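Could you take me through this protein in the viewer, one selection at a time? I would like to know what to click on and what I will find there.

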Amino acid sequence: MVCRVAVGGGSPGGWDFFISYTQADRAWAEWIAWTLEEDGHRVLVQAWDFVPGTNWVQGMQAGTRDAARTIAVLSGEYLASVYGGAEWQAAWAADPRGTGRKLLTVRVGECDRPGLLAGVAGVDVAGLGEAAARAAVRAMVAAAVAWQSPGSVDTSR
């Protein structure tokens, strides 16, 4: 059994990942969240963490502000969503050069990456089998987490 902390109740140290998605892609978002949690990451996902009585807008703000990284679950529906756009844009604005790997993308449906989103590298799992999709997501996350900006490299050794 997984014990979760509801948004608004506080999460010690924030989250490793905030999953940004639209309801049409909820199954993908939950699958990505489970994959990351199996690997020991702390994940904020609306489907699990926004319980009755919590403030949805505050939860989204907490996700975009407090998570180390945002994973945008890309599909045509997501790209048409005002809220999805606001969420990926908040992550992009916090790291426009991509040096902190703040915004990661997982394309789950046929869609183009418009505007600034076109320049964000990610993985494409549309049409892949589960094992290949899981491997692609895990490889993306591992590369993002392992990477250090030049300013964060420990040179004291």
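Here is a short tour of this predicted model, from the sheet to the cores and then to a few single residues.

Five of them make an open sheet, ordered 2-1-3-4-5, with parallel pairing. Now pick out strand 2 (43–44) and strand 5 (123–124): these are the edge strands, and each has a single partner, so one side of each has no neighbour in the sheet. Zoom in on strand 5 next, where two bridges connect it to strand 4 in a parallel run. To see a bridge partner, select Arg107 and look across to Asp124 in strand 5.

**A helix across the sheet.** Select residues 82–94, which are helix 5. This helix lies across strand 1, strand 3 and strand 4, and it runs at about 145° to strand 1.

**The largest core.** Next, show side chains for Ile19, Ile32, Leu36, Ile71, Val106, Val125 and Val137. These have the most contacts inside the largest nonpolar core, which has 24 residues. Strand 1 (15–20), helix 1 (26–38), strand 3 (67–74), strand 4 (103–107) and helix 6 (130–146) each contribute at least two of its residues. Which helix gives the most to this core? It is helix 6, with six residues.

Stay here a moment and centre on Ile32. Neighbours within four places in sequence aside, Ile32 is in contact with Ile19, Ile71, Val73, Val106 and Val137. Another core, of nine residues, lies apart from the largest one; Leu74, Trp88, Ala91 and Val120 are among its members.

**Two tryptophans.** Now move to helix 1 and select Trp28 and Trp31, which sit three residues apart there, about one turn of the helix. A search of the whole structure finds one aromatic pair, and you are looking at it: the ring centres of Trp28 and Trp31 are 5.6 Å apart and the planes meet at 85°, so the pair is edge-to-face.

**Last stop: Ser75.** Finish in the loop between strand 3 and helix 4 (76–80), where you will find Ser75. With 2% relative accessibility, Ser75 counts as buried. Show Asp25 as well: the side chains of Ser75 and Asp25 make a polar contact at 2.4 Å. Leaving out residues up to four places away in sequence, Ser75 touches Thr22, Asp25, Val108 and Cys111.

Note on methods
Residues numbered from 1 in each chain as written. Predicted model: local features only at pLDDT ≥ 70, side-chain atom pairs only at ≥ 80, totals over all residues. Heavy atoms only, no water. Core = buried A, V, L, I, M, F, W, Y, C linked by side-chain atoms within 4.5 Å. Buried < 20%, exposed > 50% of the residue type's maximum accessible area, 1.4 Å probe, protein only. Helix = DSSP H or I, 4+ residues; strand = E, 2+ residues; numbered from the N terminus. Contact = heavy atoms within 4.5 Å. Pairing = 2+ DSSP bridges. Axes fitted to C-alpha atoms, helices over the stretch in contact; angles between N-to-C directions. Phe/Tyr/Trp six-rings, centres within 6.5 Å; stacked < 30°, edge-to-face > 60°. Polar contact = N/O pair within 3.5 Å; in protein donor to acceptor, adjacent residues only side chain to side chain.
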